[in-house]
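Please read the points below with the sequence and the model open side by side. They are meant as a colleague's note, written for checking against the coordinates.

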Amino acid sequence: MALSCALVALCTLVRASAAESEVPQRPSIGVNRVNLAWLTRPDQERVLTQIAASGATHVRLSLSRPVDKSIEALAIADRLGLRILLEIQLGNEDYYPPGTRPRTGFGRIWDVYRLSDLDLSRYRGGLRAALRAIDDKGIRLDAVEPGNEINYSAYNGDLLVFRKPGGRTPRSLTEIANRDAFERGLDRYVDIVRITREELGGTLHSRGAAVVSAGLSDVSSAEADQRGMERLDPGSVISLLRARGIDREIDGYGIHVYPGRKTGASLRRRVTNLLDFCRSGDVGKPCWVTEWGIANTTQTCPIDDRERESAVRAMRGAFSRLMGAKRLAAAFYYDWDTQPAYSIWRCGELSSAGAAAIDPNNAGEPAR
């Protein structure tokens, strides 16, 4: 009888767990505040309290050096009830063999390490130590995103910054100056993602965290020409990663969306075209927009944010349609308070555009 009761209880628990896992996940709507490791603890507390008090439910934070300071920020965010998307900065020099030299940016952009140089054992050891420290503090990660804009030379040293800008930059893989190194970097990236999932599986609080591939830059070929920096289209890089088996390791494709000075229908077209590779079900993975932003260069107070608010609502409308089709799982606005043009914390309060950007119930502008 006792055994029967135990079996019934176990079956009930299994059914309950299965039912819970089948409950559709509501899309994550959040805001970016990276590099909190560079702030003092009181400033970390101030910024994250502002975010939580604004009504935001999700926040994208970074794991960067100094790692212990990054983890302090995670603990504050977790205590405040914010759900955390953790971006792991692959530029951490601890992940590379001693003496590794970064690729030069010729003073126009920061020097960055080549992804193909990353040491997987060093990455695993550093990540394991960080996740153990995070776990020991009782912090639960909602999602983890290893890397950032690996399709763009600003964050991947396997892609070149040219000595002089203005010439034609690559439009396809075959035109990349060091194609072999770039492809080795993509091979290594798939291993990075696999290791990330394995190490998350060894945690107590974050073993269920979603794994999202590095948010890819939407910098256009014309802008890359102007800057003199190699890049590839996000869709092309997702295809290259899928061919390497990344779909087995991830829950979503990361992408960044900065549409520029567009409005209404043109904004919606830009989003729809850029996110064409986002899928659902057995044919691929949904996208996670881990950065998106609309600029307002006005610096006066109080801020007039009406024009940006209209653009934000158009963007949220486009996102909502993709979310309804299960092709988009998340959208994190960039940035809270550090970028003069893009920030939404202005003049000591959340701007009207910011409120529209991070409201989890905002369905955006209706389609026209």
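The numbered points go from the whole chain to its sheet, and then to single residues.

1. The model is predicted, and every value in this note should be read with that in mind. The chain holds 10 helices and 10 strands, and its C-alpha trace spans about 80 × 50 × 45 Å along the principal axes.

2. On overall packing, a compact globule of 368 residues would have a radius of gyration near 21 Å, and the chain, with 21 Å, agrees with that expectation. Buried residues account for 49% of the 368 residues. Of the contacts between residues at least 6 apart in sequence, 79% join residues that are at least 24 apart.

3. As for the surface, the chain exposes about 16,800 Å², of which carbon and sulfur atoms supply 51%. There are 51 positive and 46 negative side chains, and the centres of these two sets lie 3 Å apart.

4. The strands deserve a careful look, because 8 of them form an open sheet with parallel pairing, in the order β5-β4-β3-β2-β1-β8-β7-β6. At the edges stand β5 (210-211) and β6 (253-257), each of which has a single partner strand, so one side of each is left without a neighbour in the sheet.

5. Within this sheet, strand β1 (residues 28-32) pairs with strand β2 (residues 58-63) in the parallel sense over 3 bridges. Two of the residue pairings can be traced directly: V31 has V59 of β2 as its bridge partner, while G30 has H58 of β2.

6. How well is β2 covered, and on which faces? Buried residues make up 6 of the 6 in this strand, and both faces of β2 are covered, with H58, R60 and S62 buried on one side and V59, L61 and L63 buried on the other. A reader interested in R60 may wish to note that this arginine is among the buried residues of β2.

7. Strand β4 (residues 141-146) is likewise mostly covered, with 6 of its 6 residues buried. Strand β3 (residues 83-88) runs parallel to β4 and is joined to it by 5 bridges, and V144 of β4 is the bridge partner of L86.

8. M229 lies in the loop between α6 (221-227) and α7 (234-243), and it counts as buried because its relative accessibility is 5%, against a cut-off of under 20%. Leaving aside residues up to four places away in sequence, M229 touches I109, Y152, S153, A154, L160, V161, F162, T169 and A224. The C-alpha atom of M229 is separated by 9.5 Å from that of K164, although these two residues are 65 residues apart along the chain.

9. C347 has a positive phi near 55° and is found in the loop between β9 (345-346) and β10 (349-350). The relative accessible area of C347 is 39%, so this cysteine is partly exposed.

Notes:
Residues numbered from 1 in each chain as written. Predicted model: local features only at pLDDT ≥ 70, side-chain atom pairs only at ≥ 80, totals over all residues. Heavy atoms only, no water. Helix = DSSP H or I, 4+ residues; strand = E, 2+ residues; numbered from the N terminus. Rg over C-alpha atoms; globule rule 2.2 N^0.38 Å. Buried < 20%, exposed > 50% of the residue type's maximum accessible area, 1.4 Å probe, protein only. Contact = heavy atoms within 4.5 Å. Areas by Shrake-Rupley, 256 points an atom, 1.4 Å probe, with all protein chains shown as cover. Lys, Arg positive; Asp, Glu negative; His and termini not counted. Charge placed at Lys NZ, Arg CZ, Asp CG, Glu CD. Pairing = 2+ DSSP bridges.
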